[in-house]
Amino acid sequence: MTNQTKYETHEHDVLIIGAGGAGLRAAIEALAAGARVAVVSKSLLGKAHTVMAEGGIAAAMANVDKADSWKTHFRDTMRGGKLVNNWRMAQLHAQESPERVRELEQWGALFDRTSDGDILQRAFGGHTFKRLCHVGDRTGLEMIRTLQDRGVQLGIDVFMECTVIRLLTDGNRVVGAFGYWREQGRFVVLKAKAVVMATGGIGKAWPVTSNSWECTGDGMALAYEAGADLLDMEFVQFHPTGMVWPPGVQGLLVTEAVRGEGGILRNKLGERFMEKYDPKRMELSTRDLVARSIYTEVKEGRGSEHGGAFLDISHKPPEYVKQKLPSMYHQFKELADVDITKGPMEVGPTCHYMMGGIRVDAETTAASLPGLFAAGESAAGLHGANRLGGNSLSDLVVFGRRAGLEASAFAAKSPAGGIDSGQIAEAEHDMLAPFERGDGENPYTVHRDLQNVMQNLVGIFRTEEDLTTALAELEKLKQRATRLRVEGSRLFNPGWHLARDLKCMLIVSEAVARSALARKESRGAHSRIDCPNPDEQWGKQNNVISREGDRMKLRQIPVKEMPDELRELVADDK
Amino acid sequence: MGGFSIYATFRAFEGKFYEAAPYLSPFYSPLIDPHHHWLPLWFSPAMLILAFPLGFRATCYYYRKALYRAFLLDPPACAVGESPHRNYRGEAKFPFILQNAHRYFLYAAVVFLCFLWYDAFRAFWFPGPDKTLHFGIGLGSLVLLVNIVLLSLYLFSCHSLRHLIGGKMDCFSCTTFNLKRHGAWKKASFLNERHMLFAWASLISVGFADFYVRMVSSGIIKDLRIL
Amino acid sequence: MADAILEVFRGNQEVGGAKQYTVPITPGMVVLDALHYIQAHLEPDLAVRWNCKAGKCGSCSAEVNGKPRLTCKTRMDALPTDKPITVYPMKSFPVIKDLVTDVSWNYRVNRKIPPFTPKPGTDWKMYQEDMDRVQEFRKCIECFLCQNVCHVVRDHHKKEEFGGPRFFVRVASLEMHPLDNVSRAKLLKDELGIGYCNITKCCTEVCPEEIKITDNAIIPLKERVVDEFYDPIMKLVRKIRGAPKAG
Ligand SMILES: Cc1cc2nc3c(=O)[nH]c(=O)nc-3n(C[C@H](O)[C@H](O)[C@H](O)COP(=O)(O)OP(=O)(O)OC[C@H]3O[C@@H](n4cnc5c(N)ncnc54)[C@H](O)[C@@H]3O)c2cc1C
Ligand code: SF4
Ligand code: SF4
Ligand code: FES
Ligand code: FES
């Protein structure tokens, strides 16, 4: 193999792509199982998107509400996901998350406490009981720091600021990855017997999003390109409350805890409009419903000045607000000149979370390609059509652990695969082409146009017409993306980085649009104006996307049948 | 601080005008051998006394900061850049490694504080014509009282005290005794946040108290009797 | 709307200099927005680190008008526009390109610190009163602004001997953890060189998380070092009691 000498090459048993909660948890487990492990991430260690999580991690520990158990957690998750979830994932998640939280504590995490000295839990939308273990409003930071320190202590190799641009396959088995160092722009070959994808979400395909720049759907796109199945791509969660003003912070998350603490939503006429849409649960209804309600108010002309709704917590004593929502208080004060103890915030829906992703096996997290595993936001199945708040952080540790365990087991029984220099040469060529073009488009322009297509045509409310237009527009954008031009050198060049990320965003965007077009019903986060109701047939099917040559193929698979005892748990009795 | 040192040293060497019944200058408390029965004549007892409060202040975490920034320009201000000319050792080596003795000065300061409280208390008892003591309030009494209160606040907000009183423990909730110390630590922490304020306020008040006693004692002004 | 002129460092450790850009100001704009504007419209290869744009990840540190700041939390309207707004990389770390610096030293220091080691047989009960003090330290977002501003690193280049405020904060979070069972005093004294800190508080002044680094982390740690190394009485007491660690 000629390429071995040409590129910097590293060899490990398990390669983990992504250093968020899922990736780090997988790394810790694989190390503990004795594997040689490397973690790659696009940014510095400890900066992954997981740091932004605020509200908490859901686990039925029953520290506050003694009646809680994995069964209720399972039920809430399934019903929140409108029953198209992978039931086995939901079951494992509900059963294992308390243990995973305790483990975090044993590694040094410091959760807020009850007066009995146990981990304190708070209420959140869609959860029957007080279930979210938290650290003020910076739970994600605590989690990532804990995992990071644990990983460093065990001795993981971390490749920071290194972007993977292609999975390498031997036959159809995944045997490594090819990437580049963002700093110098040099290429690197990462050989591994097993690869875990933990690359997070896809929010950056929309202009208004709570996600960081890293969320460009790389893991899903790379897996798709290598031949793996993607599942449930139509289910994109829009969080009802993102900031809408000033423009620079548009989309920035306003935590659900504001509503949890008693925040009230009003339109510009001062009406508490949730009375119309969900008189029972009001502001604490599920995210999809609140997001749609705000959107409807704005569309019908009752929105605020900058196209949002008013969220008001100023009826609570100022001291209380500052104590319970410190980062929200500062966020609005510093970035929007609004004192939330005195007046309302302007909020609107923001693209927040991807329920869909790489299709995996519940027990092993194995993707449909041998040697590939996936966990966290880049994997699909647990959340079905809509994710409950707090269920993502627990997802990361439950399935991150499983991925690490299974990947190291797979690596232990597999020989090293062969590296195909043709695949590397092709990836390198594609990557360098934008430098060589004398003339071409600026990647930033194409990115902005893609975002506009997604916002306007594949947003909260969808119609057949919009989605068809979107697919046509995406086709044009794909063409434009083959003619990008990048200036400057390969040294830390954001324009060049974006040119690559753009390809991934285009793939996932197309997958979202295609799946959304196919699902002719409204369910969870997916709402079709032309098919406003849930459809029984669709309730039994999941959309699967896979690659066939250069074309994207969509097919349906039946939702997995639950065993009877679990079916009873989720039955509509209350 | 510089000015204070000079004034204090001058006063220490001066060796007189330290008492104007019932007031005693804080520089000369506790009153040791004022009539030089066993100390050499040039040696004012205040020098002995002063060594401790000055040492206490010089090793105080707040004054250390002020000292390094203002006198040693290390650093002159944040992020402005100083010249890395000499071999910087911080407090890791001699002489500043001696700063670690701060808690011993603290212990001494506690002793002094007791004397000063006693003096402040005494300042409310005026000798009557019949040589008995009567309760009374003069401006000097108030000056000494304010002074001692500020000094106490300064001392109780000390970082070392905060450490010794509870900060050194890792687990407050482990025993009931620790829980009590947690309460004390929280109070010390509250005061500690204002340590800089108390440092300055008490410095000024000590100087002023001494100055006042000196003025009264040397007869330049007369104490104002309030009660 | 009015325009602002940004003077941004372009180049690397060897060559480089300031370059000026004109950026239209929009309401509520922060310095990071202005840098993004430059990337999208003027020079796509301007290198900047950022992630969250919400002051939560600590990636976007730089020196704005000479002050170490998070660029995503520095409002343009809080800066004077009559002269160019300068944006330079953190001075204490080697520049890789433009505003991106090599902060790997910090990760190396972190590795020296022994991890959280619980007492054997603990029942994992912890109480909020023990938690409050340590949770302050856990707020750290590793922006490394304190490391950058500390004159021991910045001007005296003691990177080998000194750990820096960020890692005193981290050690404090471990030392004061109610269930932790090891002492890091020797490490603090010898390897992290806590004695080099002369408590001049610049770190506290720049911390975006408003951690009282000097008062709550460094000074208490210095006191612990005194306990173990400079206080003969404490040493004696420990000897008599035979306890390995205070607390
Ligand atoms: C503002 C906000 C608040 C939230 N609050 C909560 C909450 O309270 N509770 C909850 O449960 N969930 C919450 N979530 C959701 C949750 O934080 C995320 O879903 C979760 O953190 C995703 O973690 P992850 O490990 O899957 O991926 P991420 O944390 O997104 O990490 C992805 C990693 O992959 C790396 N990567 C990506 N592409 C590549 C590539 N091509 N090559 C190399 N590396 C790559 C990245 O560098 C990064 O390290 C919140 C989300 C947001 C945006
Ligand atoms: S207080 Fe110490 S650590 Fe902080 S900036 Fe000053 S010298 Fe550095
Ligand atoms: S202590 Fe503060 S300034 Fe230092 S790295 Fe942490 S957050 Fe940044
Ligand atoms: S720290 Fe200032 S008196 Fe002790
Ligand atoms: S971008 Fe995350 S702190 Fe500024």
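Reader: Which helix of chain A gives the most to the shell around ligand 1?

Author: That's helix 12, with four residues. Before we go on, this is a predicted model: local features need pLDDT of at least 70, side-chain atom pairs count only at pLDDT 80 or more, and totals for chains, interfaces and linings use all residues. Residues are numbered from 1 along each chain as its sequence is written, chains are lettered from A and ligands numbered from 1 in the order in which they are written, and side-chain values use heavy atoms, leaving out hydrogens and water.

Reader: What makes a residue part of the shell, and how many surround ligand 1?

Author: A residue is in because one of its heavy atoms lies within 4 Å of the ligand. For ligand 1, 39 residues surround it, the closest being Thr50(A), Glu214(A), Asp218(A), Glu377(A) and Leu393(A). By class, the shell has 14 nonpolar, 19 polar and six charged residues; nonpolar means Ala, Val, Leu, Ile, Met, Phe, Trp, Tyr, Cys and Pro, charged means Asp, Glu, Lys and Arg, and the others, Gly among them, are polar.

Reader: How much of ligand 1 does the protein bury?

Author: The protein buries 99% of the 1,000 Å² that ligand 1 exposes when taken alone. Such areas come from the Shrake-Rupley method with a 1.4 Å probe; for residues, only the protein chains shown count as cover.

Reader: Over to the chains. How do you know which pair of chains shares the most contacts?

Author: Contact means heavy atoms within 4.5 Å. Two pairs of chains are in contact, and A and C share the most, with 58 residues from chain A and 51 from chain C taking part. Chains A and B have no contact, and their closest C-alpha atoms lie 10 Å apart.

Reader: What is the area buried between chain A and chain C?

Author: About 4,700 Å², with carbon and sulfur atoms giving 54%. On the chain A side, Lys47(A), Leu110(A) and Phe492(A) supply 14% of the buried area, more than any other three residues. Buried area is the accessible area (1.4 Å probe) that two parts lose on being put together, summed over both.

Reader: What makes Arg75(C) and Asp337(A) a salt bridge?

Author: The rule asks for a side-chain nitrogen of Lys or Arg within 4 Å of a carboxyl oxygen of Asp or Glu. Here the closest N and O atoms are 2.7 Å apart, so the pair qualifies. Chains A and C have eight salt bridges and 34 residue pairs in polar contact, both residues being at pLDDT 80 or more. Helix 5 of chain A gives the largest share of the side touching chain C, eight residues; helices are DSSP runs (H or I, at least four residues), numbered from the N terminus, and strands are E runs of at least two.

Reader: And how many residues of chain B are in contact with chain C?

Author: 41 residues of chain B meet 44 of chain C, and about 3,800 Å² is buried, 51% of it from carbon and sulfur atoms. In chain B, Tyr61(B), Tyr88(B) and Asp170(B) lose the most area to chain C, together 20% of what that side buries. The interface has six salt bridges; one of them joins Asp231(C) and Arg103(B) at 2.7 Å, N to O.

Reader: Which classes make up the shells around ligand 2 and ligand 3?

Author: Ligand 2 has seven nonpolar, four polar and one charged, and among its shell residues are Cys150(C), Cys197(C), Cys202(C) and Cys203(C). For ligand 3 the division is eight nonpolar, no polar and two charged, its neighbors including Cys140(C), Cys143(C), Cys146(C) and Cys207(C).

Methods. A polar contact is a pair of N or O atoms within 3.5 Å; within protein, one must be able to donate a hydrogen and the other to accept it, and residues adjacent in sequence count only if both atoms are side-chain atoms.
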